[in-house]
Amino acid sequence: MKINRYIDQTLLTPTATEGDIIALCNDAKRYEFQTVCVHGCYVPLASQLLKNSNVKVCTVIGFPLGSSSTETKVFEATNAIANGADEIDMVINMGFLRSRNYVSLLKDISDVKAAIGKHPLKVILEISNLSKNEIIRACEICLDANADFIKTSTGFSKGGATLTAVKIIRKTVKDRAKIKASGGIRDYETAMKYIDLGVERIGTSSGIEIVSEAAVVDTV
């Protein structure tokens, strides 16, 4: 197993500079991560830097609150794809979910998915703000909207990924969608716990540390 291919190496701090993005992409090529995840303004730069590599470009939509209009999310997503993004991570509208406005929530996700077509859509649930039943309902709606991944967290709320939540998500979606665990995953041991549960992608800013620890374990 190549753990580097599970990793979306992430830099979403609001103070990230062009130099930081260049370093991120250079590291991603060196370690052959699956993607880099950057803000939309840096998608053209990341796409250019990674053009001749196996590393893809991921960006976030409606980030980090998820409360922008569906039309805004669709524009963000299509603009990102036009600028070179390969994958889209969009934040769920938690207000719609908590209001039980499931029709609007379904439209919010399905409109973005329809707009980006074959490009993978990961829907961020922000599990720390949701009950077990809300997580289950959100997953069901994501499936109805043809989302490709369920993602646990933005990393900008009060908590990140948990093993318990991932188990709930996996039980709900089975093999109908993939899972991305993100938020607070900073070492190899923790990453492996999620992978052992069937997670297909790890969102982290600590990819280099995880891969380096994996190399040490492999030599023991």
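**Notebook: pocket, cores and cysteines**

I began with the largest pocket, and its volume came out at about 370 Å³. I kept in mind that this is a predicted model.

Next I looked up what surrounds that space. The largest pocket has 22 lining residues, and Thr154, Gly155, Gly183, Gly184 and Ser205 are the ones nearest its centre. Two elements each give two or more residues to this lining: strand E1 (7–11) and strand E8 (201–204). I sorted the lining by class and found 15 polar, four nonpolar and three charged residues.

In soluble globular proteins, nonpolar side chains tend to be buried together. Here the largest core has 66 residues, and those with the most contacts inside it include Ile3, Val36, Ile109 and Leu125. Helix H6 (residues 132–144) gives the most to this core, namely six residues.

Apart from neighbours within four places in sequence, Ile109 is in contact with Met90, Ile92, Leu121, Val123, Ile141, Cys142 and Ala145. I also noted a second, separate core of seven residues, with Leu12, Cys37, Phe63 and Ile124 among them.

For Cys37, the nearest cysteine sulfur belongs to Cys58 and is 3.6 Å away.

Last, I asked myself: is Cys37 buried or exposed? Cys37 is buried, at a relative accessible area of 0%, and Cys58 also counts as buried, at 0%.

Terms used:
Residues are numbered from 1 along each chain as its sequence is written. This is a predicted model: local features need pLDDT of at least 70, side-chain atom pairs count only at pLDDT 80 or more; totals for chains, interfaces and linings use all residues. Side-chain values use heavy atoms; hydrogens and water are left out. A nonpolar core is a set of buried Ala, Val, Leu, Ile, Met, Phe, Trp, Tyr and Cys residues joined through side-chain atoms within 4.5 Å. Buried means under 20% relative accessible area, exposed over 50%, partly exposed in between (1.4 Å probe, protein chains only). Helices (H or I, at least four residues) and strands (E, at least two) are DSSP runs, numbered from the N terminus. Contact means heavy atoms within 4.5 Å. A disulfide is a pair of cysteine sulfur atoms within 2.5 Å. On a 1 Å grid over the protein atoms alone, a cavity is a set of points where a 1.4 Å probe fits but cannot get out, and a pocket is an open set with protein on both sides within 12 Å along at least five of seven lines; lining residues have an atom within 4 Å of a point. Grid points are joined across faces, edges and corners, and a volume is the space filled by probe spheres set on the points. Ala, Val, Leu, Ile, Met, Phe, Trp, Tyr, Cys and Pro count as nonpolar, Asp, Glu, Lys and Arg as charged, and the others, Gly among them, as polar.
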